[in-house]
Amino acid sequence: MLNRGLRQSLFVLVLALHLIVLSTYTILRYQRSTPTETYPDHILTEADPFAKPLSPGPLPASLIEKSERLLLNQNYKRFNKQQKSADKKYILPRVPCPLLPPNLVGRVTADLFSYEMHEVEEHLANSSIQLGGHWSPPHCTAHYRVAIIIPYRNRDMQLRIFLNFMHPFLQKQQIDYQIYLVEPIEKIKFNRALLFNIGFREALKEYPWQCFIFHDVDLIPEDDRNIYSCPPEPRHMSVSVNTFNYQLPYRGIFGGVSAMTIKQMEAVNGFSNQYFGWGGEDDDMSARVITKYRISRYPASIGRYRMLRHRPDTPNSNRFTFLHLGTGLMNHDGLSNLQYDVVSIDKKKLFTHILVNYNETLIKASVADLVKKKKKPH
Ligand code: NGS
């Protein structure tokens, strides 16, 4: 027979053993489940990044805006919090990036100081940008592969400010992106829309981009919730610009910054090639877009931009000739009759520079008969 004291200590020992087993089990269980609980958006499988469809199919623009607005405004703070509390010890497998980038802050202000290009390159030296201005998130697979196409001539200071600001901005959005500058050789007229078409063609030759942002170099976003992606309907992004008192100047405007998928670009035959000089080419694109889609926009508080100052361009006096034809040239003029020569492709540290040549006379001649026919009164 065991005496009372011995029985008591045996009881305490068994109880302690129970407690040890129970707490070990709880700790192990907790540790195993922590990564998925902390990162609810990560599916822990290695997905083929190029196999993913871009969008679930067309939705009415009003619906997209509403749902995106709700997501962006309500959830980005939650993601921020989650990210901060995440246990940095875990090495995550390469998984899809969260649908909502975790480090967005909302309103952002660009550094407008005119740094030298080598200084901008030094600022960005540690952000793993590949030669040619290509970057993708190192720890997760981006949801969007986005080519930023910039028609360019003589805007050196704006370019440096743009690059200095845009690289970190896009990286925070966890996008797989590249910046392309498309510049015409000196002796030919600037044609913004034609340069967009060329950028679209050339960029697709080197990478399977899904989404194209057609971007003026003088526009700097002021809110990082303005995600550089392509929704199911073409998106006009520069909704509210300081020079327009942060108001949409007119309903159909599609200039400044806009986003389109490959399918959308092809459905409207790209931009018209006929707008040499300033103005009208974006209104032409707007007319093309609304034959097939609705223009989608972020609310003005998110689609905010600051325009960098520059000398005004000379308007193209011919622009109304083409605008009056409406979408009359759409099926004949655009990607289908695009003609140009690439003079050089230069992979700079922060962007890809494509220098091009085109022949205004030939481009105009390609639609001359059609223009004559369409202009004739019936
Ligand atoms: C319209 C132009 C557009 C231009 C917009 C805003 O008048 O091409 O102004 O220009 N349309 C025509 O000229 C037909 S902005 O002040 O942002 O340079 O995008």
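Which side chain does the side chain of Asn226 make a polar contact with? I looked this up before anything else, in what is a predicted model.

**Entry 1. Asn226**

I found the side chain of Asn226 in a polar contact with the side chain of Tyr305, at 3.0 Å. Asn226 belongs to the loop that runs between E7 and strand E8 (235-236). I noted a relative accessible area of 0% for Asn226, which therefore counts as buried. I then listed what Asn226 touches, setting aside residues up to four places away in sequence: Phe169, Gln173, Pro221, Met237, Tyr298, Ile302, Gly303 and Tyr305.

**Entry 2. The sheet around Tyr305**

I followed Tyr305 into its strand, E11, where Tyr305 stands opposite Val241. Strand E11 covers residues 304-307 and pairs with E9 in the parallel sense over two bridges. The sheet is open and has three strands, in the order E7-E11-E9, with mixed pairing. Strand E7 (219-221) and strand E9 (240-241) are its edge strands, each pairing on one side only. I recall that strands of a sheet pair through backbone hydrogen bonds, in either the parallel or the antiparallel sense.

**Entry 3. Ser240**

Is Ser240, in an edge strand, buried or exposed? I located Ser240 in strand E9. Its relative accessibility is 1%, under the 20% cut-off, so I recorded Ser240 as buried. The side chain of Ser240 reaches the backbone oxygen of Ala300 at 2.7 Å. Leaving out residues up to four places away in sequence, I have Ser240 touching Tyr246, Gln247, Ala300, Gly303, Arg304 and Tyr305. Gly303 and Tyr305 are also on the list for Asn226.

**Entry 4. Leu170**

I went to helix H4 for Leu170. Leu170 counts as buried, at 1% relative accessibility. Which residues is Leu170 in contact with, beyond its neighbours within four places in sequence? I found Ile148, Ile175, Tyr177 and Tyr228. I also checked Leu170 against Asp224: the two are 54 residues apart in sequence, and their C-alpha atoms are 8.5 Å apart in space.

I looked at two residues here. Gln174 is not a glycine, yet it has a positive phi of about 55°. It lies in the loop between helix H4 (156-172) and strand E5 (176-184). At 18% relative accessibility, Gln174 still counts as buried, because the cut-off is under 20%. Asn269 is likewise not a glycine and has a positive phi of about 60°. I placed Asn269 in the loop between H6 and H7. Asn269 has a relative accessible area of 10% and is buried.

**Entry 5. Helix H7**

Why do I call helix H7 largely enclosed by the rest of the structure? Helix H7 spans residues 281-289, and seven of its nine residues are buried, so the description holds. The buried residues are Glu281, Asp282, Asp284, Met285, Ser286, Arg288 and Val289. I looked for what covers them and found, among other elements, helix H5 (192-206), strand E10 (257-261), helix H6 (262-267) and helix H8 (319-323).

Which residues make the nonpolar surface patch of about 430 Å²? I have Phe11, Val12, Leu15 and Leu19. I looked up Leu15 in particular and found it in helix H1, which runs over residues 4-38. Leu15 is partly exposed, because its relative accessible area of 46% falls between the 20% and 50% cut-offs. An α-helix has 3.6 residues a turn, so residues three or four places apart point the same way.

**Entry 6. The E12-E13 hairpin**

I turned to strand E12 (residues 341-347) and strand E13 (residues 352-357), which pair in the antiparallel sense over six bridges. The two strands form a hairpin, with four residues between them. For one bridge I noted the partners: Asp346 goes with His353 in E13.

**Entry 7. The whole chain**

I kept the totals for last. The chain has nine helices and 13 strands. It has 378 residues, of which 49% count as buried. The chain exposes about 20,200 Å², and carbon and sulfur atoms supply 57% of that area. How many of the contacts between residues at least 6 apart in sequence join residues at least 24 apart? I have 84% for this.

Methods. Residues numbered from 1 in each chain as written. Predicted model: local features only at pLDDT ≥ 70, side-chain atom pairs only at ≥ 80, totals over all residues. Heavy atoms only, no water. Pairing = 2+ DSSP bridges. Buried < 20%, exposed > 50% of the residue type's maximum accessible area, 1.4 Å probe, protein only. Contact = heavy atoms within 4.5 Å. Areas by Shrake-Rupley, 256 points an atom, 1.4 Å probe, with all protein chains shown as cover. Patch = residues over 30% accessible without salt bridge, like charges linked within 9 Å, V, L, I, M, F, W, Y side chains within 5 Å. Salt bridge = Lys/Arg side-chain N within 4 Å of Asp/Glu carboxyl O. Polar contact = N/O pair within 3.5 Å; in protein donor to acceptor, adjacent residues only side chain to side chain.
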